[in-house]
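Hi there,

Here is the structure I promised to hand over to you. Please open it beside this email and follow along as you read.

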Amino acid sequence: MNNDHKDKKEVSGFRAKYISNRGSSKVAILTLTNNQQPFVQLIDMLMQSNDFERPDGYYFDKSTLTLYIFEHFAFDCSPMNRNGSSLRRNTKKVNQAVEREVESSTTNYESEKVIEQGYSEEKGNTITYHMGADGDKYRNNYIASFKKFYEDHNGKVKEYIENCKNELGVTPQKVVISFLVEDVTVFGTHYKTNDNIGEPVILLRTKQFLEIFRNSSVDYVFFGISDNRYLAICDRSILNDDPSKYVDLLNEEFYIIPAALLFTFAIKH
């Protein structure tokens, strides 16, 4: 294994967050499938996988000549432009500002900064964040962001397979593709229910996910919500389910907390 490929550690980071070393879940887990058994082996392969780049991880089972590919991506429901989501941009900007301030500080450092991840109203020097407002906009961002990232990664599956074949020097008899997907919206993405915060949005239980999953070459999807300590897993058997069991997000609104406070304390040595 070429160590140059290990710097990203997206797959090992995902499994460290959601799955213990013994393969059990660290979080509440929902398995959407008509057959539980394949997931036992799949999680075992995930735990043994190597960090890589394009794809983010892989494991080759020599006994069955099966290549397991694991590709990770994260998304959120904040406003997006060509430079990414506002949450990602603002988090990076705030973290860089804190780093500069800590480095230049001559005493112990404390700060309280706002990370914007949503919509606000600005009047003069005052910015107001409205809890639970703009639920339809957040919903649309959620759908568009997930679809973009999923389809971008799905379009590179053949490249991922070729990269692994070149790394391994063998041609597998079977390839299993798994996407590791995370909703990283701060405080989680929730449905809006009677103008209040409702249940977390479980992507794998939506009609929008079914449509995108059906038209892809992905075998399994792991869906994690880190702020809600939740992990859901599905395979392609769910495509045979009754679609009425799944939520149509276009009939829903989201309840999002539009900003978060980042508290930082550093001791100057």
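Below is what I found, going from the whole chain to single residues.

First, some ground rules. This is a predicted model, in which local features need pLDDT of at least 70 and side-chain atom pairs count only at pLDDT 80 or more, while totals for chains, interfaces and linings use all residues. Residues are numbered from 1 along each chain as its sequence is written, and side-chain values use heavy atoms, with hydrogens and water left out.

**The whole chain**

The protein chain has six helices and 16 strands. Both are DSSP runs numbered from the N terminus: helices are H or I with at least four residues, and strands are E with at least two. Along the principal axes, the C-alpha atoms fill a box of roughly 65 × 55 × 35 Å. A compact globule of 269 residues would have a radius of gyration near 18 Å, and the 20 Å of this chain agrees with that. (This radius is taken over C-alpha atoms, and the globule rule is 2.2 Å times the number of residues to the power 0.38.)

How much of the chain is buried? Buried residues make up 46% of the 269. Buried means under 20% relative accessible area, exposed means over 50%, and partly exposed is in between, with a 1.4 Å probe and protein chains only. The chain exposes about 14400 Å², and carbon and sulfur atoms supply 45% of that area. These areas come from the Shrake-Rupley method with a 1.4 Å probe; for residues, only the protein chains shown count as cover.

A contact means heavy atoms within 4.5 Å. Of the contacts with a separation of 6 or more, 74% are between residues 24 or more positions apart.

**The cores**

A nonpolar core is a set of buried Ala, Val, Leu, Ile, Met, Phe, Trp, Tyr and Cys residues joined through side-chain atoms within 4.5 Å. The largest one has 45 residues, and those with the most contacts inside it include Phe75, Tyr142, Phe146 and Phe209. Helix α4 (residues 135–154) gives the largest share of this core, with six residues. A second, separate core has 19 residues, among them Met45, Val176, Phe222 and Ile233.

Now look at Phe209. Leaving aside neighbours within four places in sequence, Phe209 is in contact with Phe146, Leu203, Leu204, Val221, Cys234 and Ile238.

Strands of a sheet pair through backbone hydrogen bonds, either parallel or antiparallel. Here, two strands count as paired if DSSP finds at least two bridges between them.

Strand β11 (residues 190–193) and strand β12 (residues 196–200) pair over three bridges. His190 has Pro200 as its bridge partner in β12, and Lys192 stands opposite Ile197. The two strands form a hairpin with two residues between them, and Asn194 in the turn has a positive phi of about 55°.

**Salt bridges**

A salt bridge is a side-chain nitrogen of Lys or Arg within 4 Å of a carboxyl oxygen of Asp or Glu. How many are there by this rule? The count is nine.

One of them joins Arg54 and Glu159, with the closest N and O atoms 2.8 Å apart. Arg54 lies in the loop between β2 (50–51) and β3 (57–61) and Glu159 in helix α5 (residues 157–168), so this pair ties together parts that are 105 residues apart in sequence. Arg54 is partly exposed at 35% relative accessibility, and Glu159 is partly exposed at 32%.

**One last residue**

Arg236 is in the loop between β14 (230–235) and β15, and is partly exposed at 26% relative accessibility. Apart from neighbours within four places in sequence, Arg236 is in contact with Phe213, Arg214, Ser216, Val218 and Asp219.

Happy exploring!
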